Amino acid sequence: MKNRITGAEALMQALIHEGVTTIFGYPGGGIMPVFDALYDHRDDFRQILVRHEQGAAHAAQGYARSSGRVGVCLVTSGPGATNTITGISDAMLDSTPIVVISGQVGATALGTDAFQEVDFVCITQPICKWSYQIRRAEDIAWAVARAFYIAGSGRPGPVVLDFAKNAQTAMVDFEPAQLPIQRGFIPVPEHSDEAIRRAAALIDGAQRPLLLAGQGIELAGAQEELLQFVEKTGIPVGCTLLGLSTLPSGHPLRQGMLGMHGNLAPNVKTNECDVLIAVGMRFDDRVTGRLASYARQAKVIHLDIDPSEIGKNVPVDVAVTGDCKVTLARLTEAVRPAEHREWVESFGLYHQMEDERVVIPAIHPAEGPLKMGEVARRVSELAGDAAILVTDVGQNQMMSARYFRYARPRSIITSGGLGTMGFGLPAAIGATFGAPERIVCLFVGDGGIQMSLQELGTIMESGAPVKIVLLNNNYLGNVRQWQELFFHHRYSCTPMMNPDYGMIASAYGIPSRTVSERGYLDDAVREMLRTPGAFLLQAAVEEEENVMPMTPPGADVDQMLPFTDPATPAETWKRNFIH
Amino acid sequence: MEKKLYTLIVHSEHMAGLLNQITAVFTRRQINIESLNVSASSIEGIHRYTITAWADEDTIAKVTLQIAKKIDVLQAQYYLDSEIFMQEIALYKLSTPLLMANPEICEIIRRNDAPIIETNPVYTVVEKAGRTAETEQLRRDLTAFDCLLQYVNSGRIAVTRSSEEHLTDFLKTLNE
């Protein structure tokens with residue numbers, strides 16, 4: 001049944017047809033007809049008014065990552081649109097499905113440098129999956145259907161719809177579109193039986209296999225398939241930062257986090273294994289360290305939905321393209337049951353070394369100021385290891401990711417690829433709407449919180465129950481750490497004067513507490529968790545604590561501080577980055 | 001790895017903005033495009049790009065996959081010169097008085113089987129179709145007489161030597 005309505009109303013109908021229930025947005029001149037139509041749909045959509053358009057994009061990301069659904073943000077033309085660019089880039093690198101709908105000047109004014117006109121399609125083409133300008137109301141049904149299909153299918157990612165004002169106001173006979181076959185977008189490549197056979201043969205013959213679990217497993221909903229595969233084969237697992245909740249923290253085969261600030265054992269064992277099985281991960285440089293020495297001894301099997309990831313950074317012996325929910329299950333059928341007890345036990349020595357020198361001092365310090373790691377571990381434990389961890393970027397991110405424990409899928413939301421400071425607070429707001437039944441704990445530093453501080457207003461207005469844990473060390477801590485290690489302690493622009501965060505929270509009506517003594521930590525965390533709604537817990541932590549262990553940038557993956565010669569990092573840095 | 005001249009053949013939907021996206025893949029990897037030709041293909045609604053670039057095989061393979069991944073790109077493949085039939089066309093605008101004064105120029109044009117498509121008292125336009133080396137050689141020969149007023153060379157166009165038709169097969173599979 002067709003009905004004649006405005007383009008703006010047609011957008012509403014199309015969004016309802018796609019099952020959208022939540023919109024993160026900010027109005028302005030170029031999108032006013034759409035916000036006017038939205039006024040009649042207050043019962044159909046939760047409309048979350050953010051305080052900056054970058055916040056809308058990150059909130060849509062948080063919503064998508066926590067729920068598995070496509071996040072939507074709605075902004076005006078010009079600056080409203082350009083403010084979302086960081087979020088779009090972040091979503092592209094971290095494969096997060098969002099649809100950004102931006103206003104645009106009318107079609108006749110395009111190209112005339114009209115007020116708040118920006119060539120948003122051209123700007124966003126390199127940083128999103130698909131960017132399309134709707135110039136005619138007749139295109140709305142098709143464009144919206146295609147946008148949601150592309151954003152959410154295959155390897156997910158961001159899509160931009162640039163909505164010209166004339167198309168918002170024109171009248172159109174609207175009917176939701178049925179998409180024909182999209183011959184220019186094959187979301188899931190077919191897997192080959194031969195590849196499964198070859199992969200299974202390598203795995204059956206392996207003496208020291210290691211599996212790297214990435215976010216692709218979360219995106220495919222393949223946590224159960226992963227569990228069945230590793231339990232049948234007895235293969236130990238290292239998780240990427242974004243893949244930390246693919247396998248529960250307590251699982252005996254889970255060997256911790258990979259990469260620069262990951263755990264010692266899986267990093268060392270990467271360069272000892274004979275078969276490396278990478279699932280839904282892309283060999284980011286933060287995972288691999290120096291590529292020339294990365295897992296050179298191993299046969300590499302790569303399972304990924306995106307054929308362009310195969311061999312991009314690391315040469316691959318067997319490529320298994322396809323949906324890993326299917327390919328992992330096929331592989332489980334094809335392999336023989338095995339145990340690799342000695343090999344798995346050999347990780348223990350490195351865990352013990354790391355526990356003694358890094359973990360125990362970080363989470364059970366006997367004296368001195370509060371440490372970031374102990375705060376993260378206690379928050380996780382007192383939340384029953386069931387919370388969603390949202391992080392900002394920097395030391396707060398690495399410490400909380402390392403010391404949180406993960407019992408359920410989709411339990412970590414962090415900016416991995418782009419490393420966006422300011423991501424955490426709005427993403428956490430989005431996560432509370434994506435998974436309203438779960439506790440959402442944000443870990444953020446005193447630098448990052450100030451990049452999105454205005455979103456406390458969104459929390460105040462929407463009631464988003466974000467448990468904000470502010471690890472305040474009065475530094476831009478991660479940069480300071482690099483300055484200490486690689487730039488001779490020259491703390492250029494990293495010490496930071498901070499405002500009174502308690503007063504700021506109070507101004508927004510958010511209860512808060514500051515804790516600086518170990519003896520009060522548990523009580524403060526409990527108060528945060530039992531207080532209904534949002535809460536700001538400020539932890540005054542040790543100012544010059546370093547995140548350890550650490551593979552210095554450009555170093556071999558298994559050469560981690562503090563277990564390597566302390567003279568090495570500065571030399572490595574010099575060799576690879578200065579000269 | 002050794003750099004060679006590769007020819008990429010890309011097929012896409014006829015959508016605005018795709019050329020930008022395809023060339024951006026080369027730009028990100030700092031690869032210069034040597035020639036680029038875009039035209040309608042034999043199948044309605046599908047455009048064909050023929051792109052040449054110098055690169056090593058590892059890089060061109062990655063570039064090709066990243067192009068193939070773009071929404072609305074149907075297929076992308078890369079080839080060496082030995083795997084394709086290729087042709088390009090060049091136009092040479094010559095000074096007619098100099099042409100008349102130098103019989104050797106006429107001889108060169110005759111030897112190249114290059115048709116004259118316009119002549120008047122001021123200038124003469126000559127056309128030459130062939131491989132890059134041939135059109136380039138004629139340019140050099142004419143330049144030696146200082147008679148060349150303008151020169152333009154089209155991008156390469158190419159068809160594959162293989163008897164497999166990737167695009168047709170792909171579309172057939174989709175329809176099934």
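The model is predicted, and local features need pLDDT of at least 70, side-chain atom pairs count only at pLDDT 80 or more, and totals for chains, interfaces and linings use all residues. Residues are numbered from 1 along each chain as its sequence is written, chains are lettered from A in the order in which they are written, and side-chain values use heavy atoms, with hydrogens and water left out.

**Chain B as a whole**

Chain B has 6 helices and 9 strands, which are DSSP runs numbered from the N terminus (helices H or I with at least four residues, strands E with at least two). Of its 176 residues, 40% count as buried, where buried means under 20% relative accessible area, exposed over 50% and partly exposed in between, with a 1.4 Å probe and protein chains only. Among contacts (heavy atoms within 4.5 Å) in chain B between residues at least 6 apart in sequence, 76% join residues at least 24 apart. Thr59(B), found in helix 2 of chain B, is in contact with Arg29(B) and Ile31(B), leaving aside its neighbours within four places in sequence. The C-alpha atoms of Thr59(B) and Pro97(B), 38 residues apart along the chain, are separated by 49 Å, while the C-alpha atoms of chain B fill a box of roughly 65 × 40 × 30 Å, taken along the principal axes.

The size of an interface is often given as the accessible area lost when the parts come together. Here that buried area (the loss summed over both parts, with a 1.4 Å probe) is about 1600 Å² between chain B and chain A, and carbon and sulfur atoms give 55% of it. Lys69(B), Ile71(B) and Leu174(B) supply 33% of the area that chain B buries against chain A, more than any other three residues.

| Between chain B and chain A | Value |
|---|---|
| Residues of chain B in contact with chain A | 22 residues |
| Residues of chain A in contact with chain B | 19 residues |
| Salt bridges | 3 salt bridges |

A salt bridge is a side-chain nitrogen of Lys or Arg within 4 Å of a carboxyl oxygen of Asp or Glu, and the side chains of Arg146(A) and Asp72(B) meet in one (2.5 Å, N to O). Helix 1 (18-28), helix 2 (57-68), strand 4 (73-79) and helix 6 (166-175) of chain B each supply at least two residues of the side of chain B that touches chain A.

Methods
Buried area = accessible area lost by both parts, 1.4 Å probe.
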